[in-house]
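Let's take a walk through this structure together, one piece at a time. Have the sequence and the 3D view open, and we'll start at a single residue before stepping back.

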Amino acid sequence: MSADIRQGVRPAFRSWRADRPFLAGVLLTLGGAEILVTMKVSLKVVLHIGMQGLAGYLLPSLMIVCGLLIIFNPAQRLFYSIVGVLLTLGTWVTSNLGGFFVGLTLGVVGSCMAFGWLPDQEPKVSRRQRRKAKREREAVMAAQTTPESKAAATDDGQEDTGEGNLRGSMRSSTADSPSHLTT
């Protein structure tokens, strides 16, 4: 019984995750969490640059909130991603150089991904799948050509596409009457 439930949970989570900028929200949330962790570290290595007061804890906390809102409310992802990137850039000054550049990088990348996410975009087809589809179309086209269509070729061995006949008629008309060359 539990195996049936587990098989249904994974596809349900995949379809839920596909309808939102999930990875972008996770990256923004992880960036905020990493900055908060570096603020709490009690090492002598930690830099104390900038405002170490309320803003040092407020900006990464708001980054986490924006990341979660991007995940759970994707309709407003543009607003949350802009606020998220501004908060992330603000941590450069307030929170140990943005969590030693790691949290800063995660936050900026996550916000940019959320901003660029398109909900109605079709999944990209890989090159291998495109080549396979092209081979299948060519096989269908080759199967549709019948001996009757090959017999419809002209007597000079070219198929009647119109292109060869047009060129031939132009050549013959200019060769037969070179009136445009004489004055």
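Start with Phe101, which is partly exposed because its relative accessible area is 41%; buried would mean under 20% relative accessible area and exposed over 50%, with partly exposed in between (1.4 Å probe, protein chains only). You'll find Phe101 in the loop between H5 and H6, where helices (H or I, at least four residues) and strands (E, at least two) are DSSP runs, numbered from the N terminus. Phi of Phe101 is near 70 degrees, a positive value in a residue other than glycine.

A quick word on the ground rules. What you see is a predicted model, in which local features need pLDDT of at least 70 and side-chain atom pairs count only at pLDDT 80 or more, while totals for chains, interfaces and linings use all residues. Residues are numbered from 1 along each chain as its sequence is written, and side-chain values use heavy atoms, leaving out hydrogens and water.

Now look at Phe100, which sits in helix H5 (residues 96–100). Phe100 also has a positive phi for a residue other than glycine, near 55 degrees. With 33% relative accessibility, Phe100 counts as partly exposed.

Let's step back to the whole chain. How many helices and strands does it have? The count is nine helices and zero strands, so the pattern along the sequence reads α-α-α-α-α-α-α-α-α. Of the 183 residues in the chain, 23% are buried. The chain exposes about 13,300 Å², and carbon and sulfur atoms supply 63% of that area (accessible areas come from the Shrake-Rupley method with a 1.4 Å probe, and for residues only the protein chains shown count as cover). Among contacts (heavy atoms within 4.5 Å) with a separation of 6 or more, 76% join residues 24 or more positions apart.

How far can you trust the picture? The predictor's confidence in each residue is called pLDDT and runs from 0 to 100. The chain averages a pLDDT of 79, and 69% of the residues score at least 70. Confidence is highest in helix H6 (residues 102–116), at a mean of 95, and lowest in helix H9 (residues 163–176), at 51. Where pLDDT is low, the predicted coordinates should not be read in detail.

Leaving aside residues up to four places away in sequence, Ala114 touches Pro21, Ala24, Ile70, Arg77 and Ser81. Ala114 and Leu27 are 87 residues apart in sequence, with their C-alpha atoms 9.8 Å apart in space.

Phe115 is in helix H6 too. At a relative accessible area of 46%, Phe115 is partly exposed. Phe115 touches Leu78, Ser81 and Ile82, again not counting residues up to four places away in sequence. The C-alpha atoms of Phe115 and Ser81 are 5.6 Å apart, though 34 residues separate the two in sequence.

Next, the aromatic rings. A pair of aromatic rings is described by the distance of the centres and the angle of the planes. Here, rings of Phe, Tyr and Trp (its six-membered ring) pair if their centres lie within 6.5 Å; planes under 30 degrees apart count as stacked, over 60 as edge-to-face and the rest as tilted. That rule gives six aromatic pairs. One of them is Trp16 with Phe72: the ring centres are 5.9 Å apart and the planes meet at 45 degrees, so the pair is tilted. This pair links distant parts of the chain, since Trp16 is in helix H1 (residues 2–18) and Phe72 in helix H3 (residues 54–72), 56 residues apart. Trp16 is partly exposed at 28% relative accessibility, whereas Phe72 is exposed, at 57%. Phe13, Trp16, Phe22 and Phe72 form one aromatic cluster.

Finish at Leu54, another residue in helix H3. Leu54 has a relative accessible area of 67%, so it is exposed.
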